[in-house]
Amino acid sequence: MTANISADQETLIIDTDVGQTSGQARIKYHGDSRPAFVFFRRMGQALWKGPIDLQQKAIDEGKTAAEIADAKEFGDFKSESMAPGNVFQYGILPSGVDLDTIDPTRQVVSDGRFADIVTIFALLKRSGEPNFISDQGSTTGGTFRFRQFATGSTKTVVVMKVGRGVPFQDEFKIWRLSKVEHTLISPPGLNHPLEATPLWPGQLYAATVRISNDQGQWQSFHELFVTLRRKVDVTFSKLKIINDGDPFALGEADFTFEVAEGNLGVVKTMTRPIEDINDENPFDEISLSGFSHSIGPKSITEDNQKIAVRVSGHEHDGFLEPDELASSSLRDLEIPTGMGKENVTGKTTSVSAPSTTNADFTFSATVTHSVTYS
Ligand SMILES: [Ca+2]
Ligand SMILES: [Ca+2]
Ligand SMILES: [Ca+2]
């Protein structure tokens, strides 16, 4: 198990109408080694404080001797007291970290170096329905949703959650999502670019957005969007004969080109009929035409996400000796995700097809593919 940290509530609602001025969450942690290194900071600060003396916390909270003994590795404690507008973070480092080399209290350590980080917000119950947005934009691709908010001269924090669940309002009128797939938190600032990726193409998604300021005022809303559908074009464009299979003559071979689509397996098979082949000049290539296949535009899920190709050849030797076969394995084509990355234009992949009959005949094929979203 990797080290993890969580909170019983990630949003504390402070009801100043009944005299509340602050709140605390309960932080639960589980290290994957002794001792667990847990750090604290206000979001937006570069450096962290800690490591927290977890055993001392357990003693201060009057825990049992057994809990105090375990506290070095796992347990729970009350967060710092949080006033409306506070955004606090607790992070746990993975095991094997040498605090002399990675010390988040003395050097800027990227969030990715932590095993887990929990972010806790304290917000006002009665927010006054502010509208912080001075400018905004959005772009939806096949595999991403990009959203940007500017909040004028008011420093704000934005939380965007994205998933294929149902948005609903909780008892405080804050929008929540029944199934969250991506949580994006933009730290205190005036401009908030947020990109949720990877998303599945051609799917209906919901997003909830919450913008809050350092006073704990917040605004919350939701939106729906549909990602673009994906089209993949595959072309088998060239063959290179590495060994034609007949040392003292021209070989003669037919070739088969296959396209596979996720769990559906091979969805297209194309065959080039038998023709002479020659390996005399290693720089010669056979240009192919007409061996293309397109898939989509269509919606994508786990089931049909991967596109793979396979090339195979059959060198004929008559009835005096066995024919020679050569084949590649199924080779996944690159399908990147994210804004500015998801489109692929004429990317070539070289697929080698070694002999599968322990003979000489060997070739490679060049496959060209493009990925577009519409
Ligand atoms: Ca042969
Ligand atoms: Ca030959
Ligand atoms: Ca032959």
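Modeller: What follows is a set of questions and answers on a predicted model.

Biologist: How is the protein divided into domains?

Modeller: There are three: domain 1 (4–124), domain 2 (135–226) and domain 3 (230–373). The C-alpha centres of domain 1 and domain 2 lie 25 Å apart.

Biologist: How do you know which residues make the contact between domain 1 and domain 2, and how many does each give?

Modeller: Two residues are in contact if their C-beta atoms lie within 7 Å. The contact takes 12 residues from domain 1 and 12 residues from domain 2. On the side of domain 1, strand E2 (11–14) and strand E7 (116–124) are the elements that give two or more residues.

Biologist: What kinds of residue make up the side of domain 1 that touches domain 2?

Modeller: That side has 9 nonpolar residues, 3 polar and no charged.

Biologist: What makes a group of residues a nonpolar core?

Modeller: The members must be buried residues of the nonpolar kinds, joined through C-beta atoms within 7 Å. The largest such core here has 47 residues, and Leu12, Ala36, Val38, Ile92, Leu123, Val158 and Met160 have the most contacts inside it. This core draws at least three residues from each of domain 1 and domain 2. A second, separate core of 24 residues includes Leu239, Phe257, Val311 and Leu333. In soluble globular proteins, nonpolar side chains tend to be buried together.

Biologist: Which residues does Leu12 touch, leaving out those up to four places away in sequence?

Modeller: Leu12 touches Gly23, Ala25, Met82, Ile120, Phe121 and Ala122.

Biologist: Why are strand E8 (135–140) and strand E14 (191–196) said to stand at the edges?

Modeller: The open sheet has 3 strands in the order E8-E9-E14, with antiparallel pairing. E8 and E14 each have a single partner strand, so one side of each is left without a neighbour in the sheet. Neighbouring strands of this sheet are turned by 5° against each other on average, direction ignored.

Biologist: How do you know that E8 and strand E9 (residues 145–150) pair?

Modeller: Pairing needs at least two bridges, and E8 and E9 are joined over 6 bridges in the antiparallel sense. In one of these, Gln136 has Phe149 in E9 as its bridge partner.

Biologist: What is the strand order in the open sheet that holds E1?

Modeller: The order is E1-E3-E5, with antiparallel pairing. Its edge strands are strand E1 (4–7) and strand E5 (74–78), each pairing on one side only. The twist averages 15° from one strand to the next. Strand E3 (residues 26–30) is joined to E5 by 5 bridges, and Tyr29 stands opposite Gly75 in E5.

Biologist: Is Asn358 buried or exposed?

Modeller: Asn358 has 7 other C-beta atoms within 10 Å, so Asn358 is exposed. Asn358 sits in the loop between strand E25 (344–353) and strand E26 (362–373).

Biologist: What is the phi of Lys173, and what is that of Asn358?

Modeller: Phi is near 75° for Lys173 and near 55° for Asn358. Most residues other than glycine have a negative phi.

Notes:
Residues are numbered from 1 along each chain as its sequence is written. Chains are lettered from A and ligands numbered from 1 in the order in which they are written. This is a predicted model: local features need pLDDT of at least 70, side-chain atom pairs count only at pLDDT 80 or more; totals for chains, interfaces and linings use all residues. A residue is buried if 20 or more other C-beta atoms lie within 10 Å of its own, exposed if 12 or fewer, and partly exposed in between; C-beta atoms are placed from the backbone. Domain bounds come from an automatic or database domain assignment. Helices (H or I, at least four residues) and strands (E, at least two) are DSSP runs, numbered from the N terminus. Axes are lines fitted to C-alpha atoms, for helices over the stretch in contact, and angles run from 0 to 180 degrees between N-to-C directions. Ala, Val, Leu, Ile, Met, Phe, Trp, Tyr, Cys and Pro count as nonpolar, Asp, Glu, Lys and Arg as charged, and the others, Gly among them, as polar.
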